[in-house]
Amino acid sequence: MTYTLIYHPRVVGDDIPRLGSNKNRVEKVISSKLTTRPELFGRALAGDLKGYRKLRAGDYRVIFRIKGNIIHIDMVTAPQFIKRPSNDLLRSYNGPKSCGN
C-alpha cells in the first residue's frame with residue numbers, strides 16, 4: 001500500500017524551516033519510511049496520545065497519525081524542545097478536536 005503525506009500548516013510554516021541543515025535528512029526519512037510502512041517504522045504513543053505515532057529522524061521526532069492510506073504529519077521537533085508532546089500541545093496544532101480527528 002502506498003501512503004499519502006499531509007503536513008499540518010504549522011509543520012510547513014514553523015517546524016521544517018527550523019530544521020536548518022537537517023531538513024533534507026528529515027524529509028528523506030519521512031518520505032522513505034512513512035510512505036511505505038508507517039506502522040512498522042513509527043512507534044505507537046500511549047495514554048492521552050493514543051492514536052499518534054512517533055518516528056525518529058536523526059535527532060528529531062516526527063509525530064504523526066495514520067488514517068487509512070493517509071499520514072497526517074502533526075509535528076516535527078527535537079527532543080530538547082519537548083520531552084514528550086502533550087495532548088494540549090498537539091491540540092494546539094490540530095485545533096480543539098480530540099486525537100481521533
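Residues are numbered from 1 along each chain as its sequence is written. Because the model is predicted, local features need pLDDT of at least 70 and side-chain atom pairs count only at pLDDT 80 or more, while totals for chains, interfaces and linings use all residues, and side-chain values use heavy atoms, without hydrogens and water.

Confidence was examined through pLDDT, the predictor's confidence in each residue, from 0 to 100. The chain averages 83. A score of at least 70 is reached by 77% of the residues. Helices (H or I, at least four residues) and strands (E, at least two) are DSSP runs, numbered from the N terminus. Among these elements, strand β1 (residues 4-7) has the highest mean pLDDT, 95. Helix α4 (residues 87-94) has the lowest, 57. Over residues 95-101, pLDDT stays under 50. The model has eleven contacts beyond four places in sequence for residues 95-101, a contact being heavy atoms within 4.5 Å.

Five strands form an open sheet in the order β1-β5-β4-β3-β2, with mixed pairing. Two strands pair if DSSP finds at least two bridges between them. Strands of a sheet pair through backbone hydrogen bonds, either parallel or antiparallel. Strands β1 and β2 (43-44) stand at the edges. Each has a single partner strand, so one side of each is left without a neighbour in the sheet. Strands β2 and β3 run antiparallel and are joined by two bridges. Ala44 has Arg53 in β3 as its bridge partner. Helix α2 packs on the sheet and touches β1, β3, β4 and β5. The direction of α2 makes about 130° with that of β3. Here axes are lines fitted to C-alpha atoms, for helices over the stretch in contact, and angles run from 0 to 180 degrees between N-to-C directions.

A nonpolar core is a set of buried Ala, Val, Leu, Ile, Met, Phe, Trp, Tyr and Cys residues joined through side-chain atoms within 4.5 Å. Buried means under 20% relative accessible area, exposed over 50%, and partly exposed in between (1.4 Å probe, protein chains only). The largest core has 17 residues. Val26, Leu34, Val62, Phe64, Ile73 and Val76 touch the most other members. At least two residues each come from α2 (23-34), β3 (53-57), β4 (60-67) and β5 (70-77). Helix α2 gives the largest share, four residues. Beyond four places in sequence, the contacts of Val62 include Val26, Ile30, Leu34 and Ile73. A second, separate core has five residues, among them Leu45, Leu49, Ile63 and Met75.

Ile66 lies in strand β4. Ile66 counts as partly exposed because its relative accessibility is 27%. Beyond four places in sequence, Ile66 touches Tyr3, Pro38, Glu39, Arg53 and Ile71. Ile66 and Arg53 are 13 residues apart in sequence, and their C-alpha atoms are 8.2 Å apart.

Three salt bridges were counted, each a side-chain nitrogen of Lys or Arg within 4 Å of a carboxyl oxygen of Asp or Glu. Asp74 pairs with Arg65, with closest N and O atoms 2.7 Å apart. Asp74 is buried at 1%, and Arg65 is buried at 5%. Glu39 pairs with Arg37 at 3.3 Å. Glu39 is partly exposed at 38%, and Arg37 is partly exposed at 44%. Asp15 pairs with Arg18 at 3.5 Å. Asp15 is buried at 2%, whereas Arg18 is exposed at 51%.
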